[in-house]
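Dear colleague,

I am passing on the structure below, and after it you will find my notes on what turned up when I went through it. Please read them with the coordinates open beside you.

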Amino acid sequence: MITEIAPAPERVAAEPARPGRKRRAWDEVPRWQIYVPLTIYLLFTLIPFYWILLFALRPAGSTSLVPWPMTFEHFEKVWTERGFGTYFTNSVYVGLATLVLTTVVALAGGYALARFDFRLKRGFMLALLCSQFVPGALLLVPLFQIFAKLQMINSLGSVVIAETVFQLPLSMILISGFIRNVPYSLEEAAWVDGCNRMTGFRIVVLPLLRPGLIAVGSFAFVHAWNHFLFALMFLSDQGKQTIPVGLNTLMSSDSVDLGALAAGGIIAAVPVVIVFAFIQKWLITGFSAGAVKG
Amino acid sequence: MAQAAAVAKPPAPPRRRRASATPRGLPYLLIAPAALLMLGFIAYPVLSVFYYSLRNYNPTKPWRNGFAGLDNFTQAFAHDPQFWDTLTFSAKWVVVEVALQLLFGLALALIVNQTFVGRAVGRALVFSPWAVSGVLTSAIWVLLYNSQTGVSRYLADAGLGSYGTSWLSDTSTVFPAAVVADLWRGVPFFAILILADLQSVSKDLYEAAEVDGASRLKQFWHITLPHLKDAIVLSTLLRAVWEFNNVDLLYTLTGGGPAGETTTLPLYIANTSVDAHNFGYASALTTVAFVILLFCSIVYLRLSKFGGESR
């Protein structure tokens, strides 16, 4: 709150000089230079989305370019016969469990990185950055062996752990940045009022972190929801598989059922689209808060 | 309540203070879960890859298992043409993808950074493929590319090309076809990051440039681009590493085919370890991939003078 109020007077002071100026150059870009390239690019972006909707909604064997007469037969088929109902539940479980585990562990670690100086801090930060270069795909075999030893093959827990681990470094760096943006004096004031560190954190810092935590949590969920290789490798039991694996199965069969594939794809997209619509607006501001520049 | 106290209190010294009741070990306790997870599931697997790279290890041929020295590496560099082919393809894939994604992402960011009617909707739509997974991207483009009911059929209806064209199974068209599919998903990543960085360019700079009579192109070249430099360097590097490592899209879209035409090094490694069970050799290839990535990253950061005088 205090930080938001502080810079305002400066802006007000600078404002009066502006109104009299002529229009600025970057406002004078001819409209067609915006709309023509934007429209072309939007066609490239949206036609694929339209294409999958078309295939999901028109009857099998139709070649019409509009989804009419509309049918939901593909959705029913994919949801029951092709097991997407089960895959959906599994994916939701993996996504939510990864979200919770990543956020909680990254919050603890991020707080330590933001508020303490300790001997291993530099080394730990370096390890976080280096881990960005470690490709999860190339560690499949050793990871498989570890989970086999832990008797976790074919259990959704193995995928949750693997997704969390590769999600952690970036989440922790982001969260420690968000915590640093909360003035330390607020916490100190809470201690003066008789809070201990934990309650001080809970009533002072945590509410201010909510937007940041939503962002980090959404990233974790979307990644876990989308990711494919870990689930493919660690879950061989059909009843344990997730949606991306189900999509891959649909694609790799000999004669691809395009209607079912399209319907499955839309089922895969819906939660992600909802999350995206939710966080889209301040994806930009979240990043420009300095998270990317580290 | 706490905030009111903060206002009333004399300004806190900038120095960090420890809460009196905080035990010394608290920071270690807080990072412990993250550190343990990363030790167990990143550090240990990496070390075991290094270890196996020096051994023959194949669960289907246990009689040959044992210490191999550098045999796996000599095998890769001297006797395995597939290693070189897949490495070359990986390099080509990464360079083409990152360059095109950066180019289109930069252009898009500059466009949606302007003020115009419908900007909010335009941004949301342009960025929308960002959250789509590699497998879903493949599914969408399989629908677009398939030979019976894909785009090529409608083009043939309109007299362009011939019926039954399947861009993904023709060696001469599979590369551009895969590149376009990955571009569709990859461009928003750059557009979002660059747009975020554009927010922090000081408007005074443009006003000053305009007073001096600089054209828009000159303003872009002398103000915008230098400002974006660090963000561009960092995002291209992250993306290059990601494009190199990521196998979702090619695995599901082309499966590395036709005729191994689109097999990247990580795909080759996955095949070697998962299908051929040759863990020792796959580990050696993984080690080579690590070293190449690390080396290229350092060279890139040096050459681009990252974090240098530009800011």
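**Helix 2 against helix 13 in chain B**

In chain B, the residues B:Val49, B:Phe50, B:Tyr52 and B:Ser53 of helix 2 meet B:Phe279, B:Gly280, B:Ser283, B:Ala284, B:Thr286 and B:Thr287 of helix 13, where contact requires that the C-beta atoms of two residues, placed from the backbone, lie within 7 Å, and where helices (H or I, at least four residues) and strands (E, at least two) are DSSP runs numbered from the N terminus. By class, this contact of helix 2 with helix 13 of chain B has five nonpolar, five polar and no charged residues, with Ala, Val, Leu, Ile, Met, Phe, Trp, Tyr, Cys and Pro counted as nonpolar, Asp, Glu, Lys and Arg as charged, and the others, Gly among them, as polar.

The model is a predicted one, in which local features need pLDDT of at least 70 and side-chain atom pairs count only at pLDDT 80 or more, whereas totals for chains, interfaces and linings use all residues. Residues are numbered from 1 along each chain as its sequence is written, while chains are lettered from A and ligands numbered from 1 in the order in which they are written.

To return to the helix pair, helix 2 (residues 26–53) and helix 13 (residues 279–303) of chain B pack at an angle of about 115° with their axes 7 Å apart, the axes being lines fitted to C-alpha atoms, for helices over the stretch in contact, and the angles running from 0 to 180 degrees between N-to-C directions.

**Chain B as a whole**

Chain B has 13 helices and two strands. Its radius of gyration is 26 Å, well over the 19 Å that the globule rule gives for 311 residues, so chain B is more spread out than a compact globule; the radius is taken over C-alpha atoms, and the rule is 2.2 Å times the number of residues to the power 0.38. The C-alpha trace of chain B spans about 75 × 70 × 40 Å along its principal axes. Of the 311 residues in chain B, 37% are buried, a residue being buried if 20 or more other C-beta atoms lie within 10 Å of its own, exposed if 12 or fewer, and partly exposed in between, with C-beta atoms placed from the backbone.

Chain A comes to 13 helices and zero strands, and 44% of its 294 residues count as buried. Its domain assignment, which is automatic or taken from a database, gives domain 1 (29–71) and domain 2 (83–291). The contact between these domains takes four residues from domain 1 and six residues from domain 2, and the side of domain 1 that touches domain 2 has four nonpolar, no polar and no charged residues.

In helix 7 (residues 140–149) of chain A, the buried residues include A:Leu140, A:Phe144 and A:Phe147. The buried residues of this helix pack against helix 8 (156–180) and helix 11 (229–234) of chain A, together with helix 2, helix 12 (265–275) and helix 13 of chain B. Just after helix 7, A:Gln151 takes a positive phi of about 60°.

Between the chains, the contact takes 85 residues from chain A and 85 residues from chain B; on the side of chain A that touches chain B, these divide into 66 nonpolar, 12 polar and seven charged.
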